[in-house]
Amino acid sequence: MLSVSKIAAALRVSERSVERWRRQWRERGKAGVLSKGSPGRPRLSEAQIARLERELECGPLLHGWADQRWTLARIKTLIGRLFHVSYTVEGTWQLLKRHGWSWQQPARRAIERDDQAVEVWKKEAWPPVRAPRRRATAGSSSRTKPVSR
């Protein structure tokens with residue numbers, strides 16, 4: 001029989017895990033070491049998915065948001081409010097994909113869009129935000145050299 005340390009090293013787990021698995025094997029056989037699945041993955045029933053889809057079709061305004069835009073963060077919040085189940089944003093996206101929802105973007109620009117204001121913003125506000133943080137030339141790590149100031 002292999003030692004606990006050799007098994008742990010081969011499986012890249014702790015020795016304590018190996019000891020626990022051995023004890024479960026002795027006490028309950030194969031049933032004791034079968035995987036119980038992912039412990040933290042909440043799932044919605046088909047009835048809950050159907051209700052979520054109905055609520056999403058009603059739109060974000062009905063659920064208290066200021067505009068008609070569903071975001072993953074908003075859908076995550078809605079799931080929590082409706083079903084008291086917590087998903088991550090990534091988990092929310094996976095849930096929606098599994099049930100046939102897809103990422104969407106508007107087919108046309110908003111009527112309210114002001115193209116002139118967008119151009120002014122791009123020329124005046126964006127460059128300082130986008131400005132590179134590092135110098136184009138090599139600097140120095142010394143505080144006594146003028147290059148580092």
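Me: With which residue does Lys122 form a salt bridge, and how far apart are the closest N and O atoms?
Reply: The model is a predicted one. A salt bridge needs a side-chain nitrogen of Lys or Arg within 4 Å of a carboxyl oxygen of Asp or Glu. Lys122 meets this cut-off with a glutamate, and the partner and distance are Glu119 and 3.7 Å.

Me: Why are Lys122 and Glu119 separated by about one helical turn?
Reply: Both residues belong to helix H7, which covers residues 115-124. They are about one turn apart because their spacing along that helix is three residues.

Me: Are Lys122 and Glu119 buried, partly exposed or exposed?
Reply: Buried means under 20% relative accessible area and exposed means over 50%, with partly exposed in between. Lys122 has 44% relative accessibility, so this lysine falls in the middle class. Glu119 has 38%, so the class of this glutamate is also partly exposed.

Me: Which residues are linked with Asp67 in a network of salt bridges?
Reply: The side chain of Asp67 meets that of Arg69 at 3.3 Å, N to O. Asp67 also meets the side chain of Arg74, here at 2.5 Å, N to O. The residues linked with Asp67 in the network are therefore Arg69 and Arg74.

Me: How many cavities of 30 Å³ or more are found, and how much space lies in the largest cavity?
Reply: Rolling a probe the size of a water molecule over the atoms shows where empty space is left. A search of the whole structure at the 30 Å³ threshold finds one cavity. The space in the largest cavity is about 40 Å³.

Me: Which helix gives the most residues to the lining of the largest cavity?
Reply: The lining consists of Ile49, Leu52, Glu53, Leu95, Leu96, His99 and Trp101. Helix H4 (46-58) and helix H6 (89-98) each supply at least two of the lining residues. The top contribution is three residues, and the helix is H4.

Me: Which residues form a nonpolar patch on the surface, and what is their accessible area together?
Reply: Patch members need over 30% relative accessible area. Trp21, in helix H2 (residues 15-28), is partly exposed at 32%. The patch is made of Leu11, Trp21, Trp25 and Val33, and together they have about 390 Å².

Me: What is the phi of Arg12, and where is this residue placed?
Reply: Most residues other than glycine have a negative phi. Arg12 has a positive value, and at 78% relative accessibility this arginine is exposed. Its place is the loop between helix H1 (4-11) and H2, and its phi is near 55 degrees.

Me: In which loop is His84 found?
Reply: His84 is not a glycine, yet its phi is positive at about 55 degrees. At 72% relative accessibility, His84 counts as exposed. The loop is the one between helix H5 (72-83) and H6.

Me: What distance separates the C-alpha atoms of Ala8 and Glu19?
Reply: Ala8 is found in helix H1 and is buried, with a relative accessible area of 4%. Glu19 lies eleven residues from Ala8 along the chain. Their C-alpha atoms are separated by 9.3 Å.

Me: How many helices and strands does the protein chain have?
Reply: From the N terminus on, the elements run α-α-α-α-α-α-α-α. Buried residues make up 18% of the 149 residues in this chain. The secondary structure comes to eight helices and zero strands.

Note on methods
Residues are numbered from 1 along each chain as its sequence is written. This is a predicted model: local features need pLDDT of at least 70, side-chain atom pairs count only at pLDDT 80 or more; totals for chains, interfaces and linings use all residues. Side-chain values use heavy atoms; hydrogens and water are left out. Patches are made of residues with over 30% relative accessible area and no salt bridge: like charges are joined within 9 Å, nonpolar side chains (Val, Leu, Ile, Met, Phe, Trp, Tyr) within 5 Å. Accessible areas come from the Shrake-Rupley method with a 1.4 Å probe; for residues, only the protein chains shown count as cover. Helices (H or I, at least four residues) and strands (E, at least two) are DSSP runs, numbered from the N terminus. Buried means under 20% relative accessible area, exposed over 50%, partly exposed in between (1.4 Å probe, protein chains only). On a 1 Å grid over the protein atoms alone, a cavity is a set of points where a 1.4 Å probe fits but cannot get out, and a pocket is an open set with protein on both sides within 12 Å along at least five of seven lines; lining residues have an atom within 4 Å of a point. Grid points are joined across faces, edges and corners, and a volume is the space filled by probe spheres set on the points.
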